[in-house]
Amino acid sequence: MRVAMIGTGYVGLVSGACFADFGHEVTCIDKDAGKIERLRAGVMPIYEPGLEGLVAANVREGRLFFATEAAEAVREADAVFIAVGTPSRRGDGHADLSYVYGAAEEIADQLEGFTVVVTKSTVPVGTGDEIERIIRARRPEAQFAVVSNPEFLREGAAIDDFKKPDRVVIGTEDPRAQPVMRELYRPLRPLETPILFTGRRTSELIKYAANGFLAMKITFINEMADLCEAVGADVQQVARGIGLDDRIGPKFLQAGPGYGGSCFPKDTLALVRTAADAGSPVRLIETTVAVNEARKKAMAAKIAAALGGDVRGKTVGVLGLTFKPDTDDMRDSPALDIVPTLQAMGARVQAHDPEGANEAAHLLDGVDFMDGPYEAAAGADALVILTEWNAFRALDLDRIKLLMAQPVVVDLRNVYDPTEMAASGFRYASVGRA
Ligand code: UGA
């Protein structure tokens, strides 16, 4: 199959490289000429484990191409994917669909023969209808079907998520589109991956419902963590105790500083707006958004409390700035709330992140970026674990203690064991554990 992938952001690039690896011929298209030039030279615009090698291998095999112009690739394609960004529109939280509709117009002008136009971008319910209307208005005679095929890729594990998905959701009722979509995902057949065909609007909603539910699940365990602290219980054991129930499941029950990233914050807001517009408000998601925002803001006070309530003139070492490990993505990272609040309270912040420092440097003022975890601990009055990178899981605690001005560790990801930390001579605070 021939595939054109419009947009080489996170989703477009990972999906394009994986489809090429499935054996399809894929052209990834982006208007950013510099980005395309770098991709052709093998330089990735994002950090994602395994991506560089996957791109290089498929370029070498002659299955993966990069272009700045959509025309030729769209004309030849069996399927054209729209994988452009849908940021939150400033002010109101609605998804900004201008890039999606721009791509639809561009595709319309080039369609040749029957083509399946697929939205991979996360788009509100009804966007597929609008894309169809745009294309039909520009090219009344064109042969095409508009399909929704949401992605469920986690940053840091995206290639695995694409190649071994729990399910593939395909929203179309067009009988011409179904065989094309089946063929695209045929390599998943040996894994017996469920391929769920639904209506287009249903598929669009499944994506938001999935992210909304997961954000709510995390927020639930975060509230339980606060309650555990208040009543002297242990949230790790609560999570295990409820997670062993099949109906609940153990995943996404890790309490922390609040969810961040490019998806949950944006998608929960968009879901709230869509639901409000439809006159069917989603109050659980509204509350999830509010609770998570408040939580990120409350974390600085928790750190201050570990230092007796006052961080003025104190040095705080921060380990991890990205919203989760194995990515350089800083979007909506809790660090963006926590670090400036600590600074406003009078603290000096020195931080280390294995991959995110470059991104973070654009977003955080006045932070000293350190080369490693021990450098970030040196001279610090408190060391905060903000992101659970593997590199922070087995620190030499004796060395850390010797380096620090005071042996205070605030572990917002519950990486360490409270008893062991106490035995090592640390004053240790974590999330939802006495
Ligand atoms: C999320 C979803 O997990 C993907 O399925 C989805 O495709 C993607 O959004 C998207 O819509 O594109 P991602 O944002 O990469 O993926 O990261 P997650 O692993 O879901 O983590 C999101 C946030 O929740 C992070 O800040 C993480 O630290 C936090 N989290 C996650 C917790 O605090 N506790 C958990 O148990 C799990």
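**Entry 1: Asp-353**

I started with Asp-353, which sits in the loop between strand S10 (348–352) and helix H14 (357–363). Helices (H or I, at least four residues) and strands (E, at least two) are DSSP runs, numbered from the N terminus. I noted that this is a predicted model, in which local features need pLDDT of at least 70 and side-chain atom pairs count only at pLDDT 80 or more, while totals for chains, interfaces and linings use all residues. Residues are numbered from 1 along each chain as its sequence is written, and side-chain values use heavy atoms, with hydrogens and water left out.

Is Asp-353 buried or exposed? I found Asp-353 buried, yet without a salt bridge. Buried means under 20% relative accessible area, exposed over 50%, and partly exposed in between (1.4 Å probe, protein chains only). A salt bridge is a side-chain nitrogen of Lys or Arg within 4 Å of a carboxyl oxygen of Asp or Glu. The nearest side chain of opposite charge to Asp-353 is Arg-413, 9.2 Å away. For charge, Lys and Arg count as positive and Asp and Glu as negative; His and the chain ends are not counted.

I then looked up what the side chain of Asp-353 does meet. One of its polar atoms lies 3.0 Å from the backbone nitrogen of Glu-355. The side chains of Asp-353 and Trp-389 are joined by a polar contact of 3.1 Å. A polar contact is a pair of N or O atoms within 3.5 Å; within protein, one must be able to donate a hydrogen and the other to accept it, and residues adjacent in sequence count only if both atoms are side-chain atoms. With neighbours within four places in sequence left aside, Asp-353 is in contact (heavy atoms within 4.5 Å) with Gly-320, Leu-321, Thr-322 and Trp-389.

**Entry 2: Lys-324**

Trp-389 turned up again when I went to Lys-324, whose contacts are Arg-154, Glu-155, Thr-387 and Trp-389, not counting residues up to four places away in sequence. Lys-324 is in the loop between S9 and H13. Which backbone atom does the side chain of Lys-324 reach? I found the backbone oxygen of Glu-155, at 2.6 Å. I also checked Lys-324 against Leu-386: they are 62 residues apart along the chain, and their C-alpha atoms are separated by 8.8 Å.

**Entry 3: positive phi**

Most residues other than glycine have a negative phi. I looked up two residues with a positive value. Asp-326 has a phi of about 60 degrees although it is not a glycine. Asp-326 is in the loop between strand S9 (315–319) and helix H13 (335–344), and counts as partly exposed because its relative accessibility is 31%. Phe-252 also has a positive phi, near 60 degrees. Its loop runs between helix H10 (235–243) and helix H11 (264–277). At 30% relative accessibility, Phe-252 is partly exposed.

**Entry 4: salt bridges**

Side chains of opposite charge can pair when their charged atoms come close. How many salt bridges does the structure hold? I noted 32, and looked up several.

- Asp-329 pairs with Arg-331, with the closest N and O atoms 2.9 Å apart. Asp-329 is buried at 8% relative accessibility, whereas Arg-331 is partly exposed at 45%.
- Asp-245 pairs with Arg-247, the closest N and O atoms being 2.9 Å apart. Asp-245 is partly exposed, at 25%, and Arg-247 is exposed, at 75%.
- Lys-164 pairs with Asp-160, the closest N and O atoms being 3.4 Å apart. Lys-164 is exposed, at 51%, and Asp-160 is partly exposed, at 43%.
- Asp-129, Glu-132, Arg-200 and Arg-201 form a network of salt bridges.

**Entry 5: the whole chain**

I closed with the chain totals. The chain has 17 helices and 14 strands. Its C-alpha trace spans about 75 × 50 × 45 Å along the principal axes.

Buried residues make up 52% of the 434. Of the contacts between residues at least 6 apart in sequence, 73% join residues at least 24 apart. The chain exposes about 19000 Å², with carbon and sulfur atoms supplying 51% of it. Accessible areas come from the Shrake-Rupley method with a 1.4 Å probe; for residues, only the protein chains shown count as cover.
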